[in-house]
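Me: I have a model open on my screen and a few "how do you know" questions. Could you take me through them?

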Amino acid sequence: VAPLDLADARRVYDVRARLEGLLARDACERATPDDVARLARLVTLMDAVRDHEDEVLRIGAQFHGEIEALADNRWGSALLRQIRGHVDRYRALAARRRVGTTDHVDEHRAVADAVASRDAAAAEAAMRAHIERSAALAEQSLRGAGSATDDLP
């Protein structure tokens with residue numbers, strides 16, 4: 001297994017942000033009221049377990065899976081699957097820095113709210129911002145940085 005690498009993390013997160021932003025945009029066009037309610041329930045559940053890293057990761061992955069399913073973009077999904085293993089290597093680094101905070105909940109809520117309002121541009125922007133924040137936190141972990149707010153954009 002290759003060691004974790006800052007340059008790789010940046011590339012992986014850049015690709016992920018672009019792909020998942022596209023999927024969030026596409027999800028806006030297809031989401032039903034039931035879909036919107038499912039996303040909202042996941043955000044509420046994530047808020048309730050925000051102090052439990054494993055649960056936050058599990059529910060976050062479920063939220064992203066829901067967005068991907070709603071998007072119904074087979075090419076986007078296929079490309080995301082190709083990088084998922086690389087993403088997972090870095091995801092836990094960011095998640096550890098979020099434990100006990102509400103920023104990940106707020107970021108998922110922004111995506112869910114944009115999907116609910118059918119604002120495709122806002123959904124894409126919110127998803128990209130969420131993943132870019134995760135990238136910054138993963139980079140801090142790789143560098144051995146101090147607090148979760150040091151050097152954030």
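This is a predicted model: local features need pLDDT of at least 70, side-chain atom pairs count only at pLDDT 80 or more; totals for chains, interfaces and linings use all residues.

Me: Leaving aside neighbours within four places in sequence, which residues is E139 in contact with?

Reply: Once its neighbours within four places are set aside, E139 is in contact with L6 and R10. A contact here needs heavy atoms within 4.5 Å. E139 itself is found in helix α6. Its C-alpha atom is also separated by 8.3 Å from that of L93, a residue 46 places away along the chain.

Me: Why is E139 called buried?

Reply: E139 has a relative accessible area of 14%. The cut-off for buried is under 20%, so E139 at 14% counts as buried.

Me: What makes the pair E139 and R143 a salt bridge?

Reply: The N to O distance between their side chains is 3.9 Å. A salt bridge asks for a side-chain nitrogen of Lys or Arg within 4 Å of a carboxyl oxygen of Asp or Glu, so the pair E139 and R143, at 3.9 Å, qualifies. Both residues lie in helix α6 (residues 120–143), four residues apart, which is about one turn of the helix. R10 joins in as well: R10, E139 and R143 are linked in a network of salt bridges.

Me: How many salt bridges are there in the whole structure?

Reply: A search of the whole structure finds 16. One of them is between R109 and D106, whose closest N and O atoms are 3.5 Å apart. That is within the 4 Å limit. Another is between E29 and R30, at 3.8 Å.

Me: Where do R109 and D106 sit relative to each other in helix α5?

Reply: They are three residues apart in helix α5 (residues 103–116), so about one helical turn separates them.

Me: Are R109 and D106 buried, exposed or partly exposed, and how do you know?

Reply: R109 has a relative accessible area of 31%, and D106 has 41%.

Me: How do you know that the span of α5 is close to the expected one?

Reply: α5 has 14 residues and reaches 20 Å from its first C-alpha to its last. The expected value at 1.5 Å a residue is 20 Å, so the span is close to expectation. The buried residues of α5 include H104, V105, H108 and V111. Just after the helix, R118 takes a positive phi of about 60 degrees.

Me: What is the overall make-up of the protein?

Reply: The protein has six helices and zero strands. Of its 153 residues, 43% count as buried. Among contacts with a separation of 6 or more, 80% come from residues 24 or more positions apart.

Terms used:
Residues are numbered from 1 along each chain as its sequence is written. Side-chain values use heavy atoms; hydrogens and water are left out. Helices (H or I, at least four residues) and strands (E, at least two) are DSSP runs, numbered from the N terminus. Buried means under 20% relative accessible area, exposed over 50%, partly exposed in between (1.4 Å probe, protein chains only).
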